[in-house]
Amino acid sequence: LKQPRLPAMVWQVTELEPARSFCWRTRTAGMTTLAEHWLAPAEDGGTEALTRIGQDGLLAPLANVLAGARGRRYVDMEADGLRRRCEQS
């Protein structure tokens with residue numbers, strides 16, 4: 001996976017529940033990043049897409065300080081792209 005201003009990373013799916021959720025992770029020097037994605041019923045009868053990302057390891061606190069805002073923007077961009085794609089269907 002290649003994101004702007006970040007090195008390319010290989011993500012491995014670690015959990016999969018078809019049509020409901022998946023988790024994947026990537027490892028870099030000194031840090032592991034885990035991303036979790038779920039679909040859940042919304043109160044209005046639609047579907048909510050939920051995402052959680054966490055980092056662990058020696059360099060995780062430093063990475064969060066240096067790139068935390070960028071990471072949040074990327075998650076927001078991903079969610080917006082998913083929303084737009086679903087609304088087209």
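The stops below go from aromatic rings to a strand pair and then to a surface patch. Keep in mind along the way that this is a predicted model.

**Stop 1: the aromatic rings**

Start by selecting Trp-11, Phe-22 and Trp-24, which together form one aromatic cluster. The structure holds two aromatic pairs. For the pair of Trp-11 and Trp-24, look at how the rings sit: they are tilted, with 40 degrees between the planes and 5.0 Å from centre to centre. Trp-11 belongs to the segment before β1 (12-17) and Trp-24 to strand β2 (residues 21-28), so this pair ties together parts that are 13 residues apart in sequence.

Is Trp-11 buried or exposed? Trp-11 is buried, at 19% relative accessible area, while Trp-24 counts as partly exposed at 23%.

Next, keep Trp-24 and bring in Phe-22. These two make an edge-to-face pair, with 5.6 Å between the centres and 75 degrees between the planes. Phe-22 is partly exposed, and its relative accessible area is 29%.

**Stop 2: a threonine beside the rings**

Select Thr-33, a residue of strand β3 (residues 31-41). Thr-33 counts as buried, with 10% relative accessibility. Which residues does Thr-33 touch, leaving aside its neighbours within four places in sequence? Its contacts include Trp-11 and Trp-24, two names from the previous stop. Also among the contacts of Thr-33 are Arg-25 and Thr-26, as well as Ile-53, Gly-54 and Gln-55.

**Stop 3: the hairpin**

β3 and β4 form a hairpin, and five residues lie between them. Click on Gly-45 in the turn: its phi is positive, at about 95 degrees.

**Stop 4: a patch on the surface**

For the last stop, select Leu-58, Leu-59, Leu-62, Val-65 and Leu-66. What do they form on the surface? They make up a nonpolar patch, and together they have about 570 Å² of accessible area. Zoom in on Leu-66, which you will find in helix α1 (residues 60-88). Leu-66 counts as exposed, at 64% relative accessibility.

Notes: Residues are numbered from 1 along each chain as its sequence is written. This is a predicted model: local features need pLDDT of at least 70, side-chain atom pairs count only at pLDDT 80 or more; totals for chains, interfaces and linings use all residues. Side-chain values use heavy atoms; hydrogens and water are left out. Rings of Phe, Tyr and Trp (its six-membered ring) pair if their centres lie within 6.5 Å; planes under 30 degrees apart count as stacked, over 60 as edge-to-face and the rest as tilted. Helices (H or I, at least four residues) and strands (E, at least two) are DSSP runs, numbered from the N terminus. Buried means under 20% relative accessible area, exposed over 50%, partly exposed in between (1.4 Å probe, protein chains only). Patches are made of residues with over 30% relative accessible area and no salt bridge: like charges are joined within 9 Å, nonpolar side chains (Val, Leu, Ile, Met, Phe, Trp, Tyr) within 5 Å. Accessible areas come from the Shrake-Rupley method with a 1.4 Å probe; for residues, only the protein chains shown count as cover. A salt bridge is a side-chain nitrogen of Lys or Arg within 4 Å of a carboxyl oxygen of Asp or Glu. Contact means heavy atoms within 4.5 Å. Two strands pair if DSSP finds at least two bridges between them.
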